[in-house]
Amino acid sequence: MTPVESESGEVTASETLGNDHSWVSIIEIDENAISKKSASDVVETLRTAFATGRTKPLKYREGQLKGLRRFLEKCSEDIEKALYKDLRKHKMECTMCEIELVLNDLRHTIYDFKNWAKPKKPEKRLVNILDGVYIYKDPYGVVLIMGAWNYPILLSLGPVVGALAAGNAVILKPSELSPATANVMAKLLPKYLDPECFQVYLGGIEETTELLKERFDYIFFTGSTMVGKIVHQAAAKHLTPTTLELGGKSPLYLDETVNMSKATRRILWGKYLNSGQTCVAPDYLLCTKPVQEKFLQEARKVIVEFYGQDPKKSPHLSRIVTERHFRRLVKFITFENVAIGGSYDETERIISPTVLINVSADDPIMKEEIFGPILPIVNVKDAGEAIDFINSKEKPLALYIFSKKKDVQKMFLTKTSAGTVCVNETITQLTTENLPFGGVGSSGMGNYHGKYGFDTFSHHKAVLVKDYSMFTDISLSLRNPPYTPMKENMINFLVKRRRGIQFRYIQYVCVFILGMGFMRLWNSMTGDD
């Protein structure tokens, strides 16, 4: 059974799956069962279940989405404890940046996915005026979703929302670098979702390698560009479509027109959220020297306001995920460049919010994504030079523009390319469910969130329906040999693309069809061929 706690505390399946219990069978949940199964066994289980058509009814999909919602609501305390164990995330960050973001996407999807799933009727050309023209949204089948460790709930279950809404069977592979959160999902999610159509697969590099040898119908990966290339190569063996949510160095431009106090708070909140371990965190700041001095003056006050006199002791600052990541970040802190912070606690893997100055494009910190609480400032003379600097790098996942000047904002929007853009704010473009989230170039391909997530996990199937009416048959006769100039002219007239179908054209077509019908009738009466 796929159980869900009812309000009375009893475990039921009906609340999750609606009234259709035809697939339900009673099972015992083994917390280690999924880890014991081979990759091929897990894939085969889901493929067999998907082949029955179980996941396609909208009522079933709604039940799965509601089951996922109940997991987040009922198990929030377990999730928060796991996130603290993995990353020392504060309870508020767990709620604000993980649980509630997925819940909000779920609510939006549950409200609207039935409309998204309806066949669409695109605009017709004149040649198709008598036809049925539709776009059907089909589930791909068995999809693999590979989550990331820095937001292990958001970046694992966020894509799952769209995949379930689209009617797919899902294998979720959480990151092994956030093991406590991965174990919570593996242990508790089977109690809320159909275990024959949704499974959590645990493990590290070896298990992931085996998993990628299997054939999937879609792969969704969130993580580094380097690993993303490996996933893409594995998918290419089976021509499996993929979405890659990667990262990169997201630039931030700051000029003198802003309210510096407000801008600094917004910038530092986005940079130091989760200790900078955020794929869309501002990676480096571009500004003039005078703007830099004003920013540093405000930043010193804001950091104390956010994290106290000794940020290493603050409960509001997350730890760095592993010792290896910690050592890599510490190497970036050259004390001659430190303007703010620079201290760290090796035992707790905590790095104080740090700002570096006199940084050049050739410094090691500018060669790779930082993914930590270190903000380097690179000086430019104006917005034009900042744009040139950005365009000399790989396309970023996010671009931030802090300026009140509309012409400056327009310059960045039209002369640069980025997966997402945020003006006078950071991070929150990720939280707006009506905006697609995704990268471009080396920062990723594809997007999701809300309807965009549903569409990502749906095959858009083109459907054309013709009837056997006399009018349809007459119009089709134009394409048949023997070919004549008149037929060619009529076909060109019918297939020409126009802005909508105007009534006067419909009149012409009706006259033509009536004329062709009269000719056929006349020929049949006179016996002419």
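Trainee: Which residues of H14 are buried?
Mentor: This is a predicted model, and in it Ala383, Ala386, Ile387, Phe389 and Ile390 are the buried residues of H14.

Trainee: Why do they line one face of the helix?
Mentor: Looking down the axis of H14, the buried residues fall within an arc of 160 degrees, so they line one face.

Trainee: What covers them?
Mentor: The cover includes strands E9, E10, E15 and E16, and also helix H15, residues 406-415.

Trainee: And what caps the N-terminal end of H14?
Mentor: Aspartate 382 does. One of its side-chain oxygens lies 3.2 Å from the backbone nitrogen of glycine 384.

Trainee: Now the sheet. What is the strand order?
Mentor: The order is E11-E14-E15-E10-E9-E16-E17, an open sheet of 7 strands with mixed pairing. Strand E11 (338-340) and strand E17 (420-423) are the edge strands, each pairing on one side only.

Trainee: How many degrees are neighbouring strands turned against each other?
Mentor: On average 25 degrees, with direction ignored.

Trainee: Where does H14 sit relative to that sheet?
Mentor: H14, residues 383-391, packs on the sheet and touches E9, E10, E15 (374-379) and E16 (398-402). The direction of H14 makes about 145 degrees with that of E10.

Trainee: Take E9 and E10. Do they pair in the parallel or antiparallel sense?
Mentor: Parallel, over 3 bridges, with E9 spanning residues 251-254 and E10 spanning 284-287.

Trainee: What stands opposite leucine 252?
Mentor: Leucine 285, in E10.

Trainee: What is it in contact with, leaving aside neighbours within four places in sequence?
Mentor: Arg88 and His90. The C-alpha atoms of proline 315 and arginine 88 are 8.1 Å apart, although 227 residues separate the two along the chain.

Trainee: Back to the whole chain. How many helices and strands?
Mentor: The chain has 19 helices and 19 strands. It has 529 residues, and 51% of them count as buried.

Trainee: What share of the contacts joins residues at least 24 apart?
Mentor: 72%, taken among contacts between residues at least 6 apart in sequence.

Notes
Residues numbered from 1 in each chain as written. Predicted model: local features only at pLDDT ≥ 70, side-chain atom pairs only at ≥ 80, totals over all residues. Heavy atoms only, no water. Pairing = 2+ DSSP bridges. Helix = DSSP H or I, 4+ residues; strand = E, 2+ residues; numbered from the N terminus. Axes fitted to C-alpha atoms, helices over the stretch in contact; angles between N-to-C directions. Contact = heavy atoms within 4.5 Å. Buried < 20%, exposed > 50% of the residue type's maximum accessible area, 1.4 Å probe, protein only. Arc of directions from axis to C-beta. Polar contact = N/O pair within 3.5 Å; in protein donor to acceptor, adjacent residues only side chain to side chain.
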